[in-house]
Every structure is written in C-alpha cells, then in structure tokens.
Amino acid sequence: MAGSESGSSEPRTEIIRARPTKEFFISTLVRDIELIPSIADLVDNSFDGAIRTRPDRNFAGLRVSIEIRPDHFKIGDNCGGIDPDIARNYAFCFGRPKGTPPLPHSVGQFGVGMKRALFKLGNWFRVDSSTSQWVYFVEEDVKAWSEDEENWNFSMKGLRPAPGDVTPGTNILVKELNPSVSQDFARIEFKKRLMEDLATRHHEALREGLVIEVDTIPVQSKVLDLFASPRLRPGVRVYDVTPLPKGKSVHVRLVTGLFDGGDQNAADAGWYVFCNGRMVLAADKSTTTAWGFGGTIPRYHPQYSLFRGYAFFDSEDSSLLPWRTTKTEVDEDSLVYRGARDEMAILARPVIDFINSIKEDTSQIHEEPDLGIVPVDSFAASQTFTAPDMAPRKKPKTEVTVSYQVLIREADAALEAIGARNYREMGKKTFRYYYEAEVRR
Amino acid sequence: MSPHIPSYEKIDYNLRPAKNVERKMIVESVRRLDRALGIRSYTYVGLGSPYYSDFTLLHRRLHIGDMVCLEREEDDEERMKFNKPFNCIELKMVPAAAYLPVHEWSTKPTMAWLDHDSLLDTEILSELRTVSKCCKRRTILVVTVNADPRALGHVGQRLSALERLLGRAGVPADVTDGRVSGENNLAALFYDLITQEIRDAVSSKVLEPGEKGLHFEQFLHFRYRDSSLMLTVGGIFLDEDDRDLLENCGISQRDLDYFRPSKEWFEIPVPKLTFRELRHLDSILPRGTMAGALRGIPEDQADAYRLVYRYFPGFVDAEF
C-alpha cells in the first residue's frame with residue numbers, strides 16, 4: 001500500500017476530489033434527455049416568467065416564439081425577462097441554490113433545464129434578457145468555457161438601464177448546433193413533432209392563453225376530452241395530500257373515463273400525468289400507472305383502447321410534485337405518487353369493468369343517447385364513474401369450421417387432383433366442388 | 001406445477017375440523033363487537049365455495065342480511081347459484097381484486113373475509129391494499145391464505161416458486177429455499193407481508209373531510225392444519241376515538257383465549273379422538289385437572305382438545 005512507505009502507522013485523513021467536472025454537465029447530463037423535451041424545458045422557463053409577471057395568470061399578449069433552422073435555434077419571449085440579481089445568483093447556477101426565491105406553482109424546478117438544453121443544442125449560445133429596469137446578455141463559447149476547469153463563471157455583458165422602449169423578455173440564440181440536432185432541425189417532419197409535443201406538454205399554459213409559436217405558426221392547445229352523457233359520467237377523485245414538509249400540500253385530481261378519438265392504434269389510450277399543468281407522462285400503459293400492478297387492474301390490452309385517465313398534481317411548492325428532472329417521467333419513489341397510484345387503480349377499475357362488459361364492441365359507445373364530449377378540466381368534484389348497461393351484441397355467426405380425419409395417401413392424392421397448395425386449401429376446394437355440383441344447382 | 005384445485009373439491013368444507021373451529025372463533029369474536037358496531041347492519045363480503053359455510057354461519061349467528069359472494073370461476077356459476085343457502089346473498093362472478101375497488105365502502109359498513117386456499121401472491125396483496133385504502137372506520141378484515149411450503153413444490157424449487165407468486169422484488173433478501181421449507185417459516189413470512197401491506201396502505205389512505213386517520217387493530221392470528229398449513233390474520237380498522245373499543249367488547253388477552261394482536265399465533269389443534277372420548281373429556285371440563293381421569297386418552301390429545309372443546313365439531317354420519 002502506498003501509505004506504508006512513509007513508515008508511519010498513524011491513521012490519517014486525506015482529501016478525495018469530488019467536485020464536478022464541466023464535462024459532466026456538457027456531455028453526461030444531456031444524455032438523460034431527448035431533444036424535444038429539452039426544448040420544452042426552455043418553454044418552461046418562459047412560462048415561469050409569465051407566472052412571475054402575471055400572478056393572476058391572465059397571459060393575454062404573452063408569447064413564446066421558437067425558430068428552428070439547421071444552423072441555429074432561437075427561442076424568445078416577452079414574459080418579463082430574468083432580473084440581473086436572479087441571473088447573477090440563481091438562473092445560471094448548475095442546480096438550484098438554497099435560498100432561490102420561490103415562485104408559487106412554477107414548472108421550472110430543478111435548476112438544470114436551461115443549461116442542459118443549451119448544451120444539448122449546441123456549442124455557442126447567447127442569452128439576451130431585458131427587465132423593465134435592466135438589459136444585458138450572457139454569451140459563451142461552450143468549448144472555450146469547458147477548457148478551463150477552474151473558472152465556472154459566465155460573463156454578464158452589456159449591463160445597462162433599460163431604454164424606454166424595451167419589451168421585457170428573454171431571447172436565446174444557439175449556434176454551432178450539435179450534428180444530430182442540426183440533422184433533426186433539417187428534417188421536414190421535425191417541426192410538426194415538436195409542435196404536437198408542445199401542444200400536450202404545455203396544454204395548461206396554452207389553455208390559459210400563453211401563445212407558443214414555432215416558426216410563427218401558433219401551437220394549438222390539445223383539448224383533453226372525455227365522453228359523457230346523462231347515463232355516462234367519468235369517475236373523479238379530488239383530494240389534498242397534507243401536511244407535507246414546510247406545511248405545504250399537494251392537490252390531486254384524478255379523472256377516469258372513456259374516449260375514442262378514432263385512433264385505430266389506440267396510441268392515445270392510457271394515463272396522462274400532469275405536474276402544475278405540465279404534462280410529464282402521456283398515454284401511459286405501464287405499471288407506473290397501475291396497469292398490471294397487483295391484481296386490481298389487468299395489464300394493458302388493446303381492448304382497453306377507450307380508457308382515458310388523467311392525474312393532475314398541483315402544488316404551490318413545485319419541489320413536492322412527483323416529477324423527475326426531465327419532466328418526461330414521474331418519480332415513482334414519491335410517496336404522493338405511490339398513494340395516488342393506488343387511488344388511480346381503484347378509480348380505473350369500474351371503467352375497466354365497463355369496457356369488459358362491452359367486450360370488443362367499442363363502437364357501441366357511439367350509440368349512447370346524448371353522448372357529448374366534455375373537457376377533463378370541467379370535472380372538479382369527486383364523483384363515482386357510472387355507465388349504462390350495455391350488453392355485448394352478439395354478431396350473428398355466419399361461418400363454421402369443419403374438420404375431419406382422412407388417410408394421408410387419399411388426402412395427398414386429392415390435393416394433387418384438385419390443385420391445392422395445402423390440406424386447408426384442399427378442404428375448402430373439395431367442399432366448394434361438392435357444394436357447386438350437388439347443393440346449389 | 002400441478003393445476004390448482006380449489007380446496008372444496010378435495011374435501012367437504014364442513015368436515016375440516018380446524019376450519020370449522022376457526023369459523024366459530026371468528027364469529028364469536030365478531031359477535032362481541034356487536035354492541036359497539038351493530039353487526040346486523042354490516043355487509044359481508046366473502047369468497048365463493050358451493051358450501052357457503054361462512055355465509056351460513058354469519059347469517060345464522062350474526063344475522064348479517066346483506067352478503068356478497070365473489071366467485072372467479074365462470075364455469076361454476078350455475079352450481080354456485082344452485083347452492084346459495086339464503087336469498088340475501090348476492091353472487092358476483094368476478095375476482096375479489098376486481099370487485100373490491102367498486103364495493104360501496106362509504107355507504108355499507110363492511111366485514112370482508114378473503115378466505116383464500118391458495119398461497120399468498122401479489123393479487124391477494126393488492127386485495128389487502130384496496131381494502132386498506134377504501135375501508136371506513138370499523139371495517140372488519142380477515143384474510144386466510146395457504147402457508148404450506150409443500151404447496152411451493154419440491155425443495156430447491158421453492159424460492160423460485162415464491163418469486164413467481166410475489167415477484168422477485170416482493171421476496172425479502174434473507175429468504176432462502178431452505179428457510180421457506182422450515183415448518184412455520186413460510187407462515188411467518190406471509191404474516192409479515194400481509195401486515196406490512198395493510199399497515200403501509202392504511203397509513204397513506206386518503207381521508208375524506210372530517211375523517212380521522214385509521215389503523216389496523218389485529219385481534220386474530222390463527223394457524224391450523226386440516227391438510228395444508230393455513231394462516232389467518234384478522235382485525236378491524238379503528239381511529240383514535242376507538243382506542244378502547246376492543247377492550248370494552250371483551251376482545252383482549254384477559255377475555256379471549258385466542259386473542260392474538262401480533263406475530264404470536266393461536267394454533268388451532270385437531271385432536272384425534274373418538275366420540276366417546278370427546279364426550280368423556282367434555283364431562284371433566286372446564287374445571288379442575290384432567291389428570292387421573294383420562295381413561296387411556298393420550299395426554300397431548302386431551303390437552304389439545306381443552307383449547308377448542310367449546311368449538312369442536314361433532315360429526316355424525318347422517319342420512320337425509
């Protein structure tokens with residue numbers, strides 16, 4: 001052992017280096033997230049700006065504009081900008097420092113989204129921010145910055161009092177895009193994918209009036225609908241988990257019911273999970289949302305394509321919500337979530353029973369009198385799932401299987417004589433021959 | 001593995017003496033709760049067997065008039081319907097795991113006896129979880145499972161059989177094939193898993209406005225062996241206002257011989273005695289000592305009988 005050479009047998013304490021490397025943030029952390037969710041993270045920052053600027057959540061006139069080109073990425077908003085003090089002490093820190101001023105019901109949470117997105121996108125960025133009082137920008141060449149392991153600082157440049165005509169907001173420009181990003185941005189279908197994704201992830205922000213546009217085309221809020229009729233009511237469970245640390249609570253709203261958007265592959269079936277209005281899980285059909293978890297709910301099967309479940313978790317303190325930093329997964333270690341999953345299973349059960357009762361005949365639902373489409377947001381109070389009695393309609397049977405055994409040599413001879421490729425075909429052809437000759441006349 | 005045969009197809013439920021004693025003890029203890037609970041107003045939820053022994057006893061002895069029988073084997077529907085002893089029993093052809101979430105817990109005070117004859121598995125655990133999440137103050141829950149290591153198959157294959165039932169993650173790290181094979185070790189493991197599941201679920205139960213936090217107050221813990229080793233755990237969900245309820249109803253160490261609130265269990269013995277011996281022992285019970293009056297009856301059999309003589313069935317061959 002190395003220490004034995006010194007001759008001293010006294011136990012010592014030595015320093016082990018544990019501080020992070022820049023490489024960890026630039027190359028490692030970015031592997032945990034895909035491109036589109038990382039862009040959604042940047043939209044989260046704008047949305048939090050909107051909440052800060054308009055605590056009454058009247059977002060009229062606020063917009064987030066995204067521009068994607070093979071050689072650059074831009075995102076800009078008029079949502080209030082980043083105060084220089086916040087920028088100096090918090091916004092550019094890796095991770096959220098203790099003492100970060102709280103923003104009630106925020107969707108930014110981990111202090112990682114913006115930096116991770118910038119590194120994910122490219123090697124050069126510039127963040128311009130204007131508040132009502134100050135303007136400044138932060139500009140870095142990531143490669144150059146990464147070479148000096150000692151200096152972790154960014155420079156705030158051009159700091160000066162805001163001119164009278166400035167619109168408070170933040171504009172981010174990323175250049176020297178990473179090759180895979182550049183390739184994605186060049187693909188013609190990428191923009192549509194991004195817009196569809198933002199439509200569901202930011203469903204709540206869009207519904208509340210924030211405009212999000214990609215290359216000047218506004219993203220349309222995707223309405224979350226359920227079927228309802230006088231006899232068909234979704235199941236709703238509303239409760240608060242309290243008390244949690246810091247005397248805070250989490251408001252939970254669970255809704256289960258039926259919907260059929262005409263999607264043949266049932267890709268939309270399953271559970272949707274939201275944290276402070278931000279969707280973290282879409283159309284989930286796994287044990288995470290209680291499918292096949294214990295015996296209460298079966299494993300997902302395409303016959304359940306009508307099933308829709310929505311779980312909304314809201315809290316003033318976003319750190320109490322069951323999400324992970326990528327906001328594309330729920331945190332299954334969260335006690336709030338584990339408790340909710342049991343309730344989700346219980347609330348899903350009568351819907352599963354109903355779907356089982358109509359068997360595969362899902363089209364029956366469309367014949368329900370006065371069937372309407374109701375947005376999920378309109379169900380705010382607990383209620384039991386109720387559904388009409390729909391017996392499965394028996395389709396009149398028109399075909400029957402005939403089977404019998406014959407000698408192989410006779411079968412082979414008949415097969416050759418009638419020109420069939422296999423016994424099955426031979427059976428059909430011989431039957432058809434007899435039928436045409438003797439029965440149909 | 002051999003196909004699962006329900007225990008009622010192997011032996012008449014009524015002729016299993018320890019099971020018979022267990023049923024009577026459960027009824028006796030629940031009857032003691034009557035003055036506090038008003039058991040007549042309860043709904044009983046039980047599992048299907050064409051003998052309906054538990055349903056018959058609970059209706060006759062406790063006058064429970066609203067009963068739900070859960071039967072998962074759709075092929076048995078006609079037979080189950082035919083054998084229904086009373087018309088206050090609603091037969092539902094559905095597994096318990098699927099029914100319990102839709103049971104009307106908030107309007108019906110409920111006693112559920114999940115009287116399984118299979119080994120503990122994730123499905124039974126999820127039933128316990130649902131009951132513990134949905135229960136109301138004073139819901140009564142009893143669960144019975146097979147805890148016989150022989151039901152896990154051959155030595156050497158038992159741990160993997162257990163992992164199939166409970167999931168790999170559901171089996172504690174210190175459980176080995178040899179350990180589950182030890183007499184009573186599987187029952188001890190199942191007891192821990194059952195009580196852990198109930199405790200865990202009820203502690204995270206969502207409370208309605210005005211509802212107080214509940215806990216599971218166990219008062220029954222049986223083991224018995226008619227053929228397989230069976231384990232039963234029973235208790236009631238109470239809130240802080242009910243702290244003295246069991247004691248006040250005479251369910252305590254002092255008042256009930258088989259009161260078992262923890263991992264110590266009451267073994268229901270099955271003494272092997274002739275009718276003449278049974279009657280003779282009755283005549284020298286309960287006071288004083290039996291020594292010197294045993295007439296050749298083995299002492300251990302006599303001692304076993306002393307524990308259950310008030311409940312022990314006297315079967316006779318009868319022609320109807």
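These legends go with several close-ups of a predicted model. Residues count from 1 along each chain as its sequence is written, and chains are lettered from A in the order in which they are written. Since the model is predicted, local features need pLDDT of at least 70 and side-chain atom pairs pLDDT 80 or more, while totals for chains, interfaces and linings use all residues; side-chain values use heavy atoms, leaving out hydrogens and water.

**View 1. The open sheet of chain B.** Eight strands line up here in the order 3-2-1-4-5-7-6-8, with mixed pairing. (Strands are DSSP runs of E, at least two residues, and helices are runs of H or I, at least four, both numbered from the N terminus; two strands pair if DSSP finds at least two bridges between them.) Strand 3 (89-92) and strand 8 (266-268) sit at the edges, each pairing on one side only. From one strand to the next, the twist averages 20 degrees.

**View 2. Strands 6 and 7 of chain B, with a helix across them.** Strand 6 (residues 215-225) and strand 7 (residues 229-238) run antiparallel, joined by ten bridges. Look for B:H221, which stands opposite B:V233 in strand 7. Helix 9 (residues 185-203) lies across strands 4, 5, 6 and 7 of chain B, at about 20 degrees to strand 7. (Axes are lines fitted to C-alpha atoms, for helices over the stretch in contact, and angles run from 0 to 180 degrees between N-to-C directions; contact means heavy atoms within 4.5 Å.)

**View 3. Where chain B meets chain A.** The contact takes 13 residues from chain B and twelve from chain A. Together the chains bury about 1100 Å², 60% of it on carbon and sulfur atoms. (That is the accessible area, with a 1.4 Å probe, that two parts lose on being put together, summed over both.) B:P101, B:K133 and B:V206 supply 41% of the area that chain B buries against chain A, more than any other three residues. Three salt bridges cross the interface, where a side-chain nitrogen of Lys or Arg must come within 4 Å of a carboxyl oxygen of Asp or Glu. One of them links B:R129 and A:D342 (2.9 Å, N to O).

**View 4. Two loop residues with positive phi.** B:Y52, between strand 1 and helix 3 of chain B, has phi near 50 degrees. B:Y52 is buried at 0% relative accessibility, whereas A:T216, with phi near 65 degrees, is exposed at 65%. (Buried means under 20% relative accessible area, exposed over 50%, partly exposed in between, with a 1.4 Å probe and protein chains only.)
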